Amino acid sequence: MAVLPIRISGDPVLHSPALPVTDFDDALRELVADMFDTMDAAPGVGLAGPQVGVPLRLFTYGWTDDDEVLHRGVAINPVLLISPPPVTESDEDLDAEGCLSFPGERFPLVRSGDALLRAVDLEGEPFEVSASGWLARIFQHEFDHLNGILYVDRLEFIYGRRASKVARKKGWTAPGSSWMPGVDDLDA
């Protein structure tokens with residue numbers, strides 16, 4: 001297995017809708033294994049195909065909740081049903097979200113508290129996961145990637161301006177930027 005470079009904000013693959021997965025073969029299994037290795041090395045709690053330059057509708061996730069239950073899997077060709085998000089201003093602490101494609105930065109974003117994920121696994125078998133809290137946030141974040149949306153695209157005006165300023169300062173507005181987990185020091 002391999003750790004893959006993660007694309008950064010300005011890359012076009014991150015801003016275009018991904019295509020459905022049609023081939024459930026060894027290449028897909030290898031891609032998913034590499035995505036898990038990359039997500040774990042970053043470290044992150046989710047990683048979508050477009051983030052590693054693959055414009056396909058799939059994402060991996062891995063997160064341990066407060067009860068020490070590991071939620072880990074791959075969602076292929078997902079559909080996500082969410083309850084309406086609360087109509088409220090975001091809280092800088094409670095709603096803080098980050099993204100491996102906007103590395104090292106965190107901004108608050110109000111998300112729905114509940115989500116129902118419907119997808120297929122590596123064998124093409126359908127499954128369903130009902131999620132709330134942080135897992136629901138992870139699913140919404142990764143599902144957005146499959147539609148060409150970064151979380152910074154959804155920020156309230158003041159935080160959106162801050163994110164735009166960061167992107168310009170770090171040169172993340174042009175195609176071709178990426179970073180390699182375990183190799184690149186993002187704090188430099």
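Predicted model: local features only at pLDDT ≥ 70, side-chain atom pairs only at ≥ 80, totals over all residues.
Reader: What span should helix α3 have, and what is the distance between its end C-alpha atoms?

Author: Helices (H or I, at least four residues) and strands (E, at least two) are DSSP runs, numbered from the N terminus. The expected span of a helix is 1.5 Å times one less than its number of residues. Helix α3 covers residues 157-170, 14 residues, so it should span 20 Å. The end C-alpha atoms of α3 agree with this, at 20 Å.

Reader: Which residues of α3 are buried, and against which strand do they pack?

Author: Buried means under 20% relative accessible area, exposed over 50%, partly exposed in between (1.4 Å probe, protein chains only). In α3 the buried residues are Y159, G160, A163, V166 and A167. Seen down the axis of α3, they fall within an arc of 120° (taken from the directions from the helix axis to the C-beta atoms), so they line one face of the helix. Their packing partner, with contact meaning heavy atoms within 4.5 Å, is β6 (102-108).

Reader: How many residues of α2 are buried, and which strands do they pack against?

Author: Helix α2 has 14 residues and reaches 21 Å from first C-alpha to last, close to the 20 Å expected. It is mostly covered, with 12 of its 14 residues buried. These buried residues pack against β2 (46-48), β3, β4, β5, β7 (114-120) and β8 (126-132).

Reader: Which aromatic residues are linked into a cluster by ring pairs?

Author: Rings of Phe, Tyr and Trp (its six-membered ring) pair if their centres lie within 6.5 Å; planes under 30 degrees apart count as stacked, over 60 as edge-to-face and the rest as tilted. The whole structure has five aromatic pairs. One of them, F59 with F139, is tilted, at 6.1 Å centre to centre and 45° between the planes. Ring pairs build a cluster of F59, Y61 and F139.

Reader: How many residues apart in sequence are the parts tied together by F59 and F139?

Author: Both F59 and F139 are buried. F59 lies in strand β3 (residues 58-64) and F139 in helix α2 (residues 133-146), so the pair ties together parts that are apart in sequence by 80 residues.

Reader: What is the geometry of the pair Y61 and F139?

Author: Y61 is buried, and so is F139. Their rings sit at 5.0 Å centre to centre, with 80° between the planes. The pair is edge-to-face.

Reader: How do β5 and β6 pair?

Author: Two strands pair if DSSP finds at least two bridges between them. β5 (residues 96-99) and β6 form a hairpin with two residues between them. A96 stands opposite P108 in β6. The pairing has four bridges and is antiparallel.

Reader: Where is the cis peptide bond, and what is its omega?

Author: Most residues other than glycine have a negative phi, and most peptide bonds are trans. The cis bond joins A42 and P43. P43 is in the loop between α1 and β2. Omega is about -15°.

Reader: What phi does E68 have, and is E68 buried or exposed?

Author: E68 is found in the loop between β3 and β4. Its phi is positive, about 65°, although E68 is not a glycine. With a relative accessible area of 65%, E68 is exposed.

Technical notes
Residues numbered from 1 in each chain as written. Heavy atoms only, no water.
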